[in-house]
Amino acid sequence: MKKIAIIGFGVVGSGVYEIIRRNKDILTKKAGEEIDVKKILDIRDFSAHEEAHLFTKDFNDLVNDGEIDIVVETMGGIKFAYDYTKALLEKGKSVVTSNKELVAAHGDEFFRIAKENNVRYLYEASVGGGIPIIRPLACDASANDIVEVSGILNGTTNYILTKMFKENDSFESALKTAQELGYAEKDPTADVDGIDASRKIAILMSLVTGKKFDCSLMHTEGIRNITAEDVTYAAAIGCTIKLIGCGYTKDGKVNASVEPMLIPENCPLAGVWDVFNGVMVTGNMVDSLMFYGRGAGKLPTASAVVGDVIDIVRNSSYNPYYSWGECDESAVIPYDEVTARFFVRIKEEQKEKVKEIFGDTEIIKGISDYGFVTAKMSVKELNCGIEKIGGAVSRMRLYR
Ligand code: HSE
């Protein structure tokens with residue numbers, strides 16, 4: 001019997017407990033031995049829980065328990081989660097997490113400690129909730145040079161954009177509904193300003209390149225400024241708007257960014273609605289792969305956590321393919337050098353200068369102000385053009 005502990009009995013932690021109880025026989029069969037929860041650490045009162053005896057408020061009860069080999073960290077945040085994870089790995093226990101903030105910020109350090117102690121630090125649930133994406137990148141697609149990873153990595157913002165598109169809702173009203181439905185994180189800033197998505201694309205690109213992609217080096221833009229007019233323009237050019245985490249590699253260098261993008265209706269990502277996530281991976285041999293599913297929620301996310309627990313029960317030794325090393329800032333392609341086509345909205349009176357500054361563009365007519373789509377250019381060239389034309393009402397990158 002393999003005994004595990006859970007730190008944080010919130011949405012995901014309680015989902016892990018539920019899966020271990022409900023799918024007990026399935027888990028035993030797949031792991032090769034029974035998996036049981038021995039302790040749950042949470043500072044809240046669970047004295048009315050049917051297994052109240054499992055709960056403790058004292059971390060020492062877990063870290064000093066020689067019977068516990070695997071600990072699930074679903075508490076989130078950095079402060080305590082960092083100290084607990086470090087202490088557990090140093091004590092020779094494997095850790096499974098859904099905590100993207102912690103993995104993005106300290107994954108490199110934890111992989112090193114895991115290696116020193118020949119245990120594992122797994123994080124499948126930290127990106128895309130229930131969608132398998134870490135393991136496919138680490139294992140199944142490892143015959144490839146992964147040249148691009150891009151996708152919808154935040155369910156809350158995708159839900160908000162869906163409401164704006166399908167129900168003509170405003171950003172504020174859609175955010176309120178998302179909060180009422182419990183989709184948004186405690187503080188919606190991390191979702192709506194793209195911070196949550198930046199952590200997720202940072203994790204994916206760190207895994208792809210083997211070097212930490214520090215979130216502070218990333219262009220990160222959320223969806224607060226998307227208006228009903230932007231939605232109308234997008235529809236006029238056969239596109240939808242999605243918050244995209246996008247990473248690519250080129251000549252040994254890497255870029256990652258998060259920003260709202262215009263997605264052509266025929267792109268598979270355009271069909272990802274509501275709280276669902278979708279990730280596209282391009283490998284130089286396999287071509288394009290698409291991963292789709294529930295990017296958040298109790299049981300989908302817990303399903304990914306328990307999958308990692310089973311993996312560790314089968315093989316508890318450190319595995320280098322899931323890890324990365326320290327950040328190499330010199331290998332980061334500056335956002336200014338990213339090239340794409342861009343949609344630009346300007347005022348009617350600026351339109352005379354468009355041809356002279358941007359050359360031939362695709363003009364979008366029939367809406368209050370004036371919109372056009374540029375030819376492919378770098379962000380730097382775009383910004384120069386916008387400055388010359390006297391500013392823009394809004395601009396947005398086109399996906400591919
Ligand atoms: N707040 C996140 C989201 C939860 O909306 O996608 C899952 O990471």
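**Exercise 1. What span should the 15 residues of helix α10 (residues 195–209) have at 1.5 Å a residue, and how far apart are its end C-alpha atoms?**

*Solution.* The structure is a predicted model, in which local features need pLDDT of at least 70, side-chain atom pairs count only at pLDDT 80 or more, and totals for chains, interfaces and linings use all residues. Residues are numbered from 1 along each chain as its sequence is written, and side-chain values use heavy atoms, with hydrogens and water left out.

Step 1. Helices (H or I, at least four residues) and strands (E, at least two) are DSSP runs, numbered from the N terminus.

Step 2. The expected span is 1.5 Å times one less than the number of residues. For α10 this should be 21 Å, and the end C-alpha atoms are 21 Å apart, which agrees.

Step 3. After α10 comes G210, with a positive phi near 80°.

**Exercise 2. Determine how many residues of α10 are buried.**

*Solution.* Step 1. Buried means under 20% relative accessible area, exposed over 50%, and partly exposed in between (1.4 Å probe, protein chains only).

Step 2. Of the 15 residues of α10, 12 are buried, and the helix is mostly covered. Among them are D196, R199 and K200, as well as I201 and L204.

**Exercise 3. Describe the surroundings of P136.**

*Solution.* Step 1. P136 lies in helix α6 (residues 134–140).

Step 2. Its relative accessible area is 12%, so P136 is buried.

Step 3. Contact means heavy atoms within 4.5 Å. Not counting residues up to four places away in sequence, P136 touches E124, A141 and F291.

Step 4. V306 is 170 residues from P136 along the chain, and their C-alpha atoms are separated by 16 Å.
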